[in-house]
Amino acid sequence: MRMGIDIGGTKTEAVTVADDGTVVDRVRLATGFGAEAVIASTVDAVGRLTAASGGARFSSVGVGIPGAVDAATGRVSHAINLGLDRLDLGELLAAELGTPVRVENDVNAAALGAFHLLEQPAAASMSYLNLGTGLAAGLVLRGELWRGARGGAGEIGHILVDPAGPLDLDGQHGGLEAMASGSGIARQWARGDGNAVSAVLDAADAGDERAVEIRRRLYEGVAHSVRILVLTVDVDLVVIGGGIAGLGDRVLGGVFEILDSWSAQSPFIESLGLAERLRLLPAGAPVAALGAAHLGGTSWPK
């Protein structure tokens, strides 16, 4: 069996996966803040799964975590929401657990998990578009993660599509993350609602002009993301996940309208079949933990 762990900003989710890909056990607990607490909560999750399996030994342990990850060394940096500036997570966990640990960026791990969850053929290509607090994509090409030359593959949230659009935290106007992520919408809305995306959609449905404009940017941002991923990598599928994806048709309905309008205007765009490549991740699927469990079966990054 394999073990996969998804260390999130508020919760840590861990799964054990049988050799046939079936999730055997699953635990969820609060994530600690700071290096010692993150290590402790991860070790706690491993202990609970080990106990649930009757003390079974695992062939591999993988971890998905936010921030910049050096997948070759297991070093994590700039995981701000976890209080981690720089941490040799793989090395420290391996010492605690007595087994090698693979570490990967959480969106990349989720991409690998979605690939296996949707049972894609080994030769298939897929992009996982995460619409959560941030906006980023993970790429799985022929069954393996594609990280790029410096680990920046899929960081499409920084692509600018509207010079007159909202200002993002990276100092640029009109980036995809500023337009179509939870944090970007919260900054645009700026009314302190607990779930800014739902609040904006409700207000737009009620006719609020400012909310209608923010909603338009959300739809366009997601549609642009899909088009960029297809045009640059020509993936078979673009799978959408993350918190915003949980709103389902309230978001995707508007996205499909934009994709259809682009197809009506351009025979070339129509030939790409953008809407046909789009899939919504099944609700509640632990894809980042599942993908982390599969890290042991992927080749080490060069």
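Predicted model: local features only at pLDDT ≥ 70, side-chain atom pairs only at ≥ 80, totals over all residues.
Biologist: OK, so why does Ile 240 count as buried?
Modeller: Because its relative accessible area is 0%, and the cut-off for buried is under 20%.

Biologist: Where does Ile 240 lie?
Modeller: Ile 240 is part of strand E12, which covers residues 237-241.

Biologist: And what does Ile 240 touch, if I skip residues up to four places away in sequence?
Modeller: Its contacts are Leu 129, Leu 131, Val 222, Ala 245, Leu 252, Leu 278, Arg 279, Leu 280 and Leu 281. Take Leu 278: Ile 240 and Leu 278 are 38 residues apart along the chain, and their C-alpha atoms are separated by 7.5 Å.

Biologist: Leu 129 is on that list. Which strand is Leu 129 in, and is Leu 129 buried or exposed?
Modeller: Leu 129 sits in strand E9, residues 125-131. Leu 129 counts as buried because its relative accessibility is 0%.

Biologist: What is Leu 129 in contact with, leaving aside neighbours within four places in sequence?
Modeller: Quite a list: Leu 135, Ala 136, Ala 137, Ile 156, Val 222, Ser 225, Val 226, Leu 229, Val 238, Val 239, Ile 240 and Gly 241. With Leu 229, the separation is 100 residues in sequence and 9.0 Å in space, C-alpha to C-alpha.

Biologist: What about Ser 127, where is that found?
Modeller: Ser 127 is in strand E9. At 0% relative accessibility, Ser 127 counts as buried. Apart from neighbours within four places in sequence, Ser 127 contacts Ala 137, Gly 138, Leu 139, Leu 229, Val 235, Leu 237, Val 238 and Val 239.

Biologist: Switching to helices. Which residues of H8 are buried?
Modeller: Val 251, Leu 252, Gly 254, Val 255, Ile 258, Leu 259, Trp 262 and Ser 263. Their cover includes helix H6 (196-205), H7, strand E12, helix H9 (267-272) and strand E13 (278-280). Leu 252 also turns up among the contacts of Ile 240.

Biologist: How many residues does H8 have, and how far does H8 reach?
Modeller: H8 runs over residues 249-265, so that is 17 residues by the helix assignment. From first C-alpha to last, H8 reaches 24 Å, close to the 24 Å expected at 1.5 Å a residue.

Biologist: You mentioned H7. At what angle do H6 and H7 pack?
Modeller: About 120°, with their axes 8 Å apart. H6 and H7 are therefore oblique to each other, and the crossing is left-handed.

Biologist: Which residues meet there, between H6 and H7?
Modeller: From H6, Val 197, Val 200, Leu 201, Ala 203, Ala 204 and Asp 205 meet Ala 211, Val 212, Ile 214, Arg 215, Leu 218 and Tyr 219 of H7. By class, that contact has 10 nonpolar, no polar and two charged residues.

Biologist: And H5 with H7, at what angle do those axes cross?
Modeller: Helix H5 (residues 182-189) and helix H7 (residues 209-233) cross at roughly 160°, and their axes come within 11 Å. H5 and H7 are therefore roughly antiparallel to each other. The crossing of H5 and H7 is right-handed.

Biologist: Which residues of H5 meet H7?
Modeller: Ile 185, Gln 188 and Trp 189 in H5, against Arg 210, Ala 211, Ile 214, Arg 217 and Leu 218 in H7. That contact has five nonpolar, one polar and two charged residues.

Biologist: Now H1. What covers the buried residues of H1?
Modeller: The cover includes strand E1 (2-7), strand E2 (11-17), strand E3 (23-30), strand E7 (84-88) and helix H2 (89-97). The buried residues themselves are Val 38, Ile 39, Ser 41, Thr 42, Ala 45, Val 46 and Leu 49. Just after H1, Gly 54 takes a positive phi of about 75°.

Biologist: Which residues other than glycine have a positive phi?
Modeller: Among them are Glu 119, with phi near 50°, and Arg 142, with phi of about 55°. Glu 119 is in the loop between helix H3 (106-117) and E9, and Arg 142 is in the loop between strand E10 (135-141) and strand E11 (144-145).

Biologist: Are Glu 119 and Arg 142 buried or exposed?
Modeller: Glu 119 counts as exposed at 71% relative accessibility, and Arg 142 counts as exposed at 69%.

Methods. Residues numbered from 1 in each chain as written. Heavy atoms only, no water. Axes fitted to C-alpha atoms, helices over the stretch in contact; angles between N-to-C directions. Helix = DSSP H or I, 4+ residues; strand = E, 2+ residues; numbered from the N terminus. Parallel < 35°, antiparallel > 145°, perpendicular 65-115°, else oblique. Left-handed = near helix turned anticlockwise from the far one by under 90°. Contact = heavy atoms within 4.5 Å. Nonpolar A, V, L, I, M, F, W, Y, C, P; charged D, E, K, R; others polar. Expected span 1.5 Å × (residues − 1). Buried < 20%, exposed > 50% of the residue type's maximum accessible area, 1.4 Å probe, protein only.
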